[in-house]
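Please look over the structure shown here, taking its helices and strands one topic at a time. The briefing below is meant for a reader who is new to it.

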Amino acid sequence: MKNNNQQVIILFEEMTLNAHVALNIMQYDGWILKFSEGHTNRANSVSMIYPSTISVNEKIQNCEKIYSEQNLPCVFKLTDGDDQMMKLLTERGYKEVTPTDVMVRGIDDITMPEGDITFYNKPVEEWLCAYFEYEGFGQKSQATYRRMLDKLCIKTDYLAIREHGKIIAVASSATERGYMLIQNVVVHPDYRRKGYGKLLCKALMSKGKSDGAKKAWLQVVQTNEGAYKLYDGLGFKKVYAYRYLKKE
């Protein structure tokens, strides 16, 4: 029987898998192996969500072999409480990358902010073009991400903010089980640090609230001071942390 914190982690890890869908998934004795041509660690790593029956060392070796056959580095996603796995992987030469906090807040108090705000129920071309440009995606990443978006099965919303008719900020959300994930928050370099990140989040939360969501959540890299300050200021609170262990 899992304790309450483990159940919460399972909930958010499952929702992460549904919101950022890998191109291919392999189920392996409670572990989920994701493959997406190297686009993001989230979609190219091993998630150890459920109980296992096979020896952990045997499973690690098999995962390394499987990812090698896919011409991908073997990456493990560890959440709070995975201390033994952290020790085992560190001993095998794995290094921690991008420790990240999962943060949550209720949205009952949110109202729609003012601004030139447009919502789409699918990733239309003008939204994608702005997102790719501001994130600096190359052609390969763009093609991979389009294919990943085609595999989504949950409710999504895409938000654009304009100034003088031009899209200068975008974000998206993915909603299930009363929770809306805020993701893909990016602003044109010329408009950063001017409050557009806050505007994106508030607009998405208001839309989620009107669609029946009860809480908003997001993932923020611990070393991203600007983003952390934004989300902390918006009232998001840390629930748990995760990190990737990667073997070069």
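Helix α6 covers residues 196-210 and, with 15 residues, reaches 21 Å from its first C-alpha to its last, close to the 21 Å expected at 1.5 Å a residue, where the expected span is 1.5 Å times one less than the number of residues. Helices (H or I, at least four residues) and strands (E, at least two) are DSSP runs, numbered from the N terminus. This is a predicted model, in which local features need pLDDT of at least 70 and side-chain atom pairs count only at pLDDT 80 or more, while totals for chains, interfaces and linings use all residues. Residues are numbered from 1 along each chain as its sequence is written, and side-chain values use heavy atoms, with hydrogens and water left out.

**Helix α6**
- Because 11 of its 15 residues are buried, α6 is largely enclosed by the rest of the structure; buried means under 20% relative accessible area, with a 1.4 Å probe and protein chains only.
- Among the buried residues of α6 are Y196, L200 and M205.
- After α6 comes G212, whose phi is positive, near 105 degrees.

**Strand β4**
- In strand β4 (residues 75-79), 5 of 5 residues are buried, with V75, K77 and T79 pointing one way and F76 and L78 the other.
- Strand β3 (residues 46-48) runs parallel to β4 and is joined to it by 2 bridges, and S47 has K77 as its bridge partner.
- Strand β11 (residues 237-246) pairs with β4 in the antiparallel sense over 5 bridges, and T79 has Y242 as its bridge partner; two strands pair if DSSP finds at least two bridges between them.

**Cysteines**
- A search of the whole structure finds 0 disulfides, a disulfide being a pair of cysteine sulfur atoms within 2.5 Å.
- C63 is in no disulfide, and the nearest cysteine sulfur, that of C74, lies 5.6 Å away.

Conventions: Buried < 20%, exposed > 50% of the residue type's maximum accessible area, 1.4 Å probe, protein only.
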